[in-house]
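Keep the structure open as you read.

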Amino acid sequence: MMTSGADAHGALPEPEEAEALFGDALPVVRHYVDLLAHTGVERGLIGPREVPRLWDRHVMNCAVVEELIPKGAEVIDVGSGAGLPGIVLSILRPDLSVVLLEPLLRRTVFLRECLGELQLPNASVRRGRAEEVKEELRADIVTARAVAPLTRLTGWALPLLRKNGSLLALKGEQAAAELESARGDLLKQRPCVADVIRVGQGKVDPATTVVRVTVTSESGLATQPGSKRGQGGRKKRGRKR
Ligand SMILES: C[S@@+](CC[C@H](N)C(=O)[O-])C[C@H]1O[C@@H](n2cnc3c(N)ncnc32)[C@H](O)[C@@H]1O
């Protein structure tokens with residue numbers, strides 16, 4: 001059972017900036033924060049010490065990544081955990097189609113319950129590891145936060161991307177150094193360009209640091225005749241069926 005309501009885990013200070021950031025979506029975001037602070041903590045998905053900083057350090061920090069996602073994009077959130085950043089993005093951007101990819105059953109149960117409670121028809125949950133779904137899933141954007149070091153992460157994420165698609169890896173202060181030491185390996189994995197971007201300036205403090213890796217070649221799957229295309233085998237929207 002999902003629990004929420006009266007706050008048993010300490011105050012949940014909502015930053016003033018939340019209203020401007022989320023607009024009409026704010027009530028749904030509040031509900032999600034409440035689920036994280038209660039059910040998420042009870043089930044061991046969120047550390048109790050994270051509760052007072054759920055808004056700024058987790059939810060808002062993830063939300064600003066939407067600046068880098070084109071309209072109507074298909075997104076895979078690799079290692080979604082309790083839904084960060086995938087659930088936040090699906091609340092904020094109803095135009096997106098988001099797959100929350102997560103191997104651990106306990107977490108996928110929570111994610112499915114959240115999608116039901118928050119009524120998010122533009123998101124779905126897929127239980128699995130990124131390296132296991134590369135023959136099936138394709139996306140325009142792959143997001144990942146706190147999942148793996150960059151070289152391992154790109155090994156999982158780049159095969160999931162369509163040509164010109166991007167991995168958006170939410171990283172900390174060491175992002176630029178991590179990218180520089182990984183650059184040679186990235187190019188061996190798949191032709192790509194990579195940079196470090198700070199998003200959410202003036203909306204979140206500190207701004208969110210993202211390593212963006214954009215692939216410049218077709219994926220193997222997309223060029224195979226008769227192969228499944230798109231998420232879960234769906235053809236990409238707008239293409240002739
Ligand atoms: C530290 S948690 C981060 C969760 C969430 N992204 C966040 O920022 O709160 C890392 C998550 O990555 C998942 N994970 C680990 N290896 C994975 C893989 N190969 N493919 C997909 N997810 C993976 C774990 O199960 C876990 O939920």
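## Starting at E74

E74 sits in strand 1. This is a predicted model, so everything below is computed from predicted coordinates. Is E74 buried or exposed? Since it has 21 C-beta neighbours inside 10 Å and the cut-off for burial is 20 or more, E74 counts as buried. Along the chain, E74 and D95 are 21 residues apart, and their C-alpha atoms are separated by 9.2 Å.

## The chain as a whole

Stepping back, the protein chain has seven helices and seven strands. In sequence order they run α-α-α-β-α-β-α-β-β-α-β-α-β-β. Of the 241 residues in the protein chain, 42% are buried. Take the contacts with a separation of 6 or more: 68% of them join residues 24 or more positions apart.

## Strand 4 and its partners

Back to the strands. Strand 1 (residues 74-78) pairs with strand 4 in the parallel sense, over four bridges.

Why is strand 4 described as largely enclosed by the rest of the structure? Because seven of the seven residues in strand 4 (residues 139-145) are buried. Follow the chain onward and strand 4, helix 6 (residues 150-157) and strand 5 form a right-handed β-α-β unit.

Nonpolar side chains tend to be buried together in soluble globular proteins. In this model, the largest nonpolar core has 70 residues, and V142 and A157 have the most contacts inside it. Helix 2 (residues 26-42) gives the most to this core, with seven residues.

## Helix 3, mostly covered

Helix 3 (residues 54-63) is another element to look at from the inside. Eight of its 10 residues are buried, so helix 3 is largely enclosed by the rest of the structure. The buried ones are L54, W55, H58, V59, M60, N61, C62 and A63.

What covers these buried residues of helix 3? The cover includes helix 1 (17-22), helix 2, helix 4 (86-92), strand 4, strand 5 and strand 7 (208-215).

## Around the ligand

The ligand is surrounded by 18 residues, and the closest are G79, G81, R129, A130 and R145. By type, the shell around the ligand divides into 10 nonpolar, three polar and five charged residues.

Two cis peptide bonds are worth a look. The bond from L84 to P85 is cis, with omega near 5°, and P85 lies in the loop between strand 1 and helix 4. D205 and P206 are joined by a cis peptide bond too, with omega about 5°; P206 belongs to the loop between strand 6 (192-199) and strand 7.

Then there are the positive phi values. Q119 isn't a glycine, yet its phi is positive at about 55°. You'll find Q119 in the loop between helix 5 (105-118) and strand 3 (123-127), and Q119 is exposed, with 9 other C-beta atoms within 10 Å. A146, also a residue other than glycine, has a positive phi near 60°. A146 lies in the loop between strand 4 and helix 6 and counts as exposed, with 11 C-beta neighbours inside 10 Å.

Note on methods
Residues are numbered from 1 along each chain as its sequence is written. This is a predicted model: local features need pLDDT of at least 70, side-chain atom pairs count only at pLDDT 80 or more; totals for chains, interfaces and linings use all residues. A nonpolar core is a set of buried Ala, Val, Leu, Ile, Met, Phe, Trp, Tyr and Cys residues joined through C-beta atoms within 7 Å. A residue is buried if 20 or more other C-beta atoms lie within 10 Å of its own, exposed if 12 or fewer, and partly exposed in between; C-beta atoms are placed from the backbone. Helices (H or I, at least four residues) and strands (E, at least two) are DSSP runs, numbered from the N terminus. A residue is near a molecule or strand if its C-beta atom, placed from the backbone, lies within 6 Å of it. Ala, Val, Leu, Ile, Met, Phe, Trp, Tyr, Cys and Pro count as nonpolar, Asp, Glu, Lys and Arg as charged, and the others, Gly among them, as polar. Two strands pair if DSSP finds at least two bridges between them. A crossover is right-handed if, with the strands pointing away from the viewer, the path from the first strand over the helix to the second runs clockwise. Two residues are in contact if their C-beta atoms, placed from the backbone, lie within 7 Å.
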